[in-house]
Amino acid sequence: MMYRRFVPFVWLVTSLIFVSCNQPPNTFAQIQTLNDRDVDDDQPVPSQASYDVFYEDLQEGGHWFEDATYGYVWQPDVAAENPDWRPYTDGHWVYTDRGWTWVSNESFGWACYHYGRWARLRDRGWIWVPGDQWAPAWVSWRESDDDDYVGWAPLPPECEPHPGVRVQGWVDRYYDIGPAAYVFLKIVDFLRPSYRQAVLPVEQNFTIIERTTNVTDIYYQDQGIDVAGPRYDQVVQRVNHPFPRYRIDYVTPPQPNAPFQTAVSGERLRVVAPPPQLQPRATAAPPVAQAIRNVQVERGWQNVDPNRARQIRQALARSEPQVPKGLPPQPAPPPKPVIVAHQVPGQEAPPGAPAAQRPQAAQPRPPQQPPRAQQESEQQQQRAQQLNAQQQEAARRQAEQQRQAAQPPPAVQNPEQPKAMQPGAPPQTGARQEAAQKQAEQQRQAEQQQAEQQRQQQAAAKQRELEAQQKQQQVKAQQEAAQRQAEQQRARQEAAQRQAQQQQAAQAAARTQAQAAAAQQQEAQRRAQAEAAQRQQQAAQRQAEQQRAQQEAAQRQAAQQEAQRRAQAEAAQRQQQAAQRQAEQQRAQQQEAARREAQQQQAAQAAAQRQAQAAAAQQQEAQRRAQVEAAQRQAQQQQAAQAAAAQRQAQAAAARQQAQKAQAERAAAEQRAKGQAPPPGQQPQ
């Protein structure tokens, strides 16, 4: 067997050295690339390291489809039955040493939330596109500035991160992820074991998203992909409750049918999954239920008014960073996986033909495969034949090039040639004719030398071909001899096996006789042992029943403890919600008290203003009254003064009249006394 492997290997190495020395400079690199492609692509892909693990394990709980854009996609039954179902809802987030990790309550969560991405198709719902890299989650994160909401959206299949680019806050803008693709909930519900009942209606996303900021951060580390997102300390502060931290314990089971899952175990998050890096190909296509053609992908902007959508895009663009310049202008769909079918022994793909093809339907694997050593030998023989053919082709091309180089150039009339050599020239002297004859002789000799060199080169090429054929025949003869030697060795081994079987049969007969002789003696012992064993078995059964009863009691106790833990967790959540409602009520009461106090202050200020205005009005009224009274007094005084003056004037006039009357009476009296009549015009009194 070792000889069969060694001889083709020696021939392959010798042929490579010979071809590298005689072929153009790039031929060896082409042959090496061809060999590498044959070794990589022709070998069957192990199911635990390729998409076979998806195509085989996701047969139940959903259906496979073939999409014109994404290739083979899978849709869970719950997404087909419930149009309101969304990924990343039935489960919860935990914080690990690799960032925020999704722990799903769904049976397909080990694959669909850690490998690949999601897309929503119009009139069909959410579908999953497989991916080749494991990550804690594949989502875009957003959180509100007022610490009330947190949300996430599945990344589209076009998002293919690589070590050179960190997926950060520009992801929504570049991949056009809209509000309807997000799952929003209040931060106080972040500790729930499932978010199905806490997710806010999609209609509220269009107002919530404008109050949020994208905090996505997905990047490569030595151990794989990490997912940052919301800051851990801020989440703990917002939730106001201890938030545990775990360490990922990644386990790839050796059994191909082992159950995959992600579950918390103490202080670790145990991840039982396929290898973190898979090959984007498979040995057989999944059973496709239906082909999907010309279906529109919804990015999260469905049923939104175009003007409203434009306003939301503009608002988000102002708060998001710029897209890296190294990315293409438009994201492209991921490459479709390759189906590498098993090859039938003895049928090698022709050179230049693709090594992998995509069948239209799943092809059954061949029931029997030749031994690996025989496959390697056949492949080496075929590669040697290919190399020999390439060598002959290179030699033929080289000989053709040399033959073309050796051909004389076409006859061109030389203007400097003697006129004797030109047609129609007059006869020349004998010296010139002799020189022309010598020149023609030299030209004939050069042509003969070139023809001889060409014949030698052709002979050398034929000799090389003969040598290659002889070497090929020698290799074939050596292989046949090795095969005959292997057949002889196999025949000797079969003869030795038959002899060993005969010896074993004789020994078995002797043992049978000895056992028959001792059977009677052992029968009694066997019966006693059987009775003892029966009693022991009965005792063991009773003990097993007791142990089973204890295990059932322990399971019931564990179930009760789990129920108590869940009840405590729900009570804690209710207490948190009650505390939040109480805090909101207190906040509302404080706001109401502040409002009432402000109203009282405003009323007091208004009353003070009214009092001040009334006092000013009273003061003005008192001043007016004082002025009126002063004017009245002044008028009364003036009237009194005028009356007194008039009275004085009247009294003075009366006094003057009395004085005049008295004077007249005295004069009259004097006249009477004198006996004189009163003056004319004066009557006696």
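The paragraphs below lead from the confidence of this predicted model, through its overall build, to its nonpolar cores and its salt bridges.

Because the model is predicted, local features are described only where pLDDT is at least 70, and side-chain atom pairs count only at pLDDT 80 or more, whereas totals for chains, interfaces and linings use all residues. Residues are numbered from 1 along each chain as its sequence is written, and side-chain values use heavy atoms, with hydrogens and water left out.

The protein chain has an average pLDDT (the predictor's confidence in each residue, from 0 to 100) of 78, and 78% of the residues score at least 70. Over residues 1-7 the pLDDT is below 50, and this stretch has 13 contacts (heavy atoms within 4.5 Å) beyond near neighbours in sequence. Residues 342-374 also stay under 50, and for them the model has 48 contacts beyond four places in sequence.

In secondary structure, the chain has 11 helices and 19 strands, which are DSSP runs numbered from the N terminus, helices being H or I of at least four residues and strands E of at least two. Among contacts between residues at least 6 apart in sequence, 70% join residues at least 24 apart. Of the 685 residues, 31% are buried, where buried means under 20% relative accessible area, exposed means over 50%, and partly exposed lies in between (1.4 Å probe, protein chains only). The chain exposes about 44,100 Å², of which carbon and sulfur atoms supply 47%; accessible areas come from the Shrake-Rupley method with a 1.4 Å probe, and for residues only the protein chains shown count as cover.

The interior can be followed through its nonpolar cores, each a set of buried Ala, Val, Leu, Ile, Met, Phe, Trp, Tyr and Cys residues joined through side-chain atoms within 4.5 Å. The largest core has 83 residues, of which Phe54, Tyr88, Trp93, Trp128, Trp152 and Phe190 touch the most other members. Strand 8 (residues 149-154) gives the most to this core, with 4 residues. Leaving aside residues up to four places away in sequence, Trp93 touches a set of residues including Tyr88, Trp100, Trp141, Trp152, Phe190 and Phe243.

Cys112 and Cys159 are both buried, Cys112 with a relative accessible area of 0% and Cys159 at 0% relative accessibility. The structure holds 0 disulfides, a disulfide being a pair of cysteine sulfur atoms within 2.5 Å.

The structure holds 23 salt bridges, each a side-chain nitrogen of Lys or Arg within 4 Å of a carboxyl oxygen of Asp or Glu. In one of them, the side chains of Glu298 and Arg122 meet at 3.3 Å, N to O. This pair links distant parts of the chain, 176 residues apart, with Glu298 in strand 18 (residues 297-298) and Arg122 in the loop between strand 5 (117-121) and strand 6 (125-129). Glu298 is buried, at 15% relative accessibility, whereas Arg122 is partly exposed, at 37%.

Another salt bridge, between Arg211 and Asp148, has an N to O distance of 4.0 Å, and here Arg211 is partly exposed at 36%, as is Asp148 at 38%. By contrast in setting, Glu629 and Arg633, whose side chains meet at 4.0 Å, N to O, both lie in helix 11 (residues 430-674), 4 residues apart, about one turn of the helix. Glu629 is partly exposed, at 43%, and Arg633 is partly exposed, at 45%. Finally, salt bridges that share partners join Arg120, Arg122 and Glu298 into one network.
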